[in-house]
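Thanks for coming, everyone. I have one model to walk through today. Please look at the screen.

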Amino acid sequence: MEQQPNHVFSGKIRCGLCGAAFVARKKRYQNGTVNKKWGCFTATNEGTSHIDPMGNPVGCDIGLMLRDDFAMEVLKPLPKPSWLLPSGL
Ligand SMILES: [Zn+2]
């Protein structure tokens, strides 16, 4: 079992909408580039807010992903929140 070192942001970023922790998702492009983005756990796993077949409200409409390279910049003040991107969900 591969043990990954705890990321500096693990468990430290929380969704302002549902309160779930942000989790990292890796996306591999055709050219081999791997881009890691951080997104709300609920939105990542359940999508936008909706009612599931059991009648329970699920999902999250935060609609934002955090680019890992820009996540590093969170530690420093930014002139504008350019690290907030539409998630495309
Ligand atoms: Zn959320």
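**Confidence, strands and core**

Let's start with confidence. This is a predicted model, and the protein chain averages a pLDDT of 78. Of the residues, 65% score at least 70. Where is confidence lowest, and where is it highest? Strand 6, residues 84-86, is lowest, with a mean of 64. Strand 3, residues 50-51, is highest, at 96. Keep those two values in mind as you look at the picture.

Now the layout. The protein chain holds 6 strands and 2 helices. In sequence order the pattern reads β-β-α-β-β-β-α-β. The chain has 89 residues, and 16% of them count as buried. What about contacts along the chain? Take those with a separation of 6 or more: 33% of them come from residues 24 or more positions apart.

Next, the pairing. Strand 1 covers residues 22-28 and runs antiparallel to strand 2, with 7 bridges joining them. Between these two strands the hairpin has 5 residues. Which residue there takes a positive phi? That is Gly32, near 95°. Strand 2 also pairs with strand 5. That pairing is antiparallel too, over 3 bridges. Within it, Gly39 stands opposite Met65 of strand 5.

On to the core. The largest nonpolar core has 9 residues: Phe22, Trp38, Cys40, Ala43, Cys60, Ile62, Leu64, Met65 and Leu66. Which strands each supply at least two of its residues? Strand 2, residues 34-40, and strand 5, residues 64-67. Strand 5 gives the most, with 3 residues. As general background, nonpolar side chains in soluble globular proteins tend to be buried together.

Val34 sits in strand 2.

Ala20 lies in the segment before strand 1. How many other C-beta atoms lie within 10 Å of Ala20? The count is 19, so Ala20 is partly exposed. Buried would need 20 or more. Setting aside residues up to four places away, Ala20 touches Arg14, Cys15, Cys40, Phe41, Thr42 and Cys60. Two of those names, Cys40 and Cys60, are also in the core list. Look at Thr42 in particular. Ala20 and Thr42 are 22 residues apart in sequence, yet their C-alpha atoms are 6.4 Å apart.

Arg14 has 13 C-beta neighbours inside 10 Å, so it counts as partly exposed. What does Arg14 touch, not counting residues up to four places away in sequence? The answer is Gly19, Ala20, Ala21 and Phe22. Of these, Phe22 is a member of the core. Arg14 and Cys40 are 26 residues apart in sequence, and 7.3 Å apart from C-alpha to C-alpha.

To recap. Strand 2 pairs with strand 1 and with strand 5. Strand 5 gives the most to the core.

Definitions and conventions
Residues numbered from 1 in each chain as written. Predicted model: local features only at pLDDT ≥ 70, side-chain atom pairs only at ≥ 80, totals over all residues. Helix = DSSP H or I, 4+ residues; strand = E, 2+ residues; numbered from the N terminus. Buried ≥ 20, exposed ≤ 12 C-beta atoms within 10 Å, placed from the backbone. Contact = placed C-beta atoms within 7 Å. Core = buried A, V, L, I, M, F, W, Y, C linked by C-beta atoms within 7 Å. Pairing = 2+ DSSP bridges. pLDDT = per-residue confidence, 0-100.
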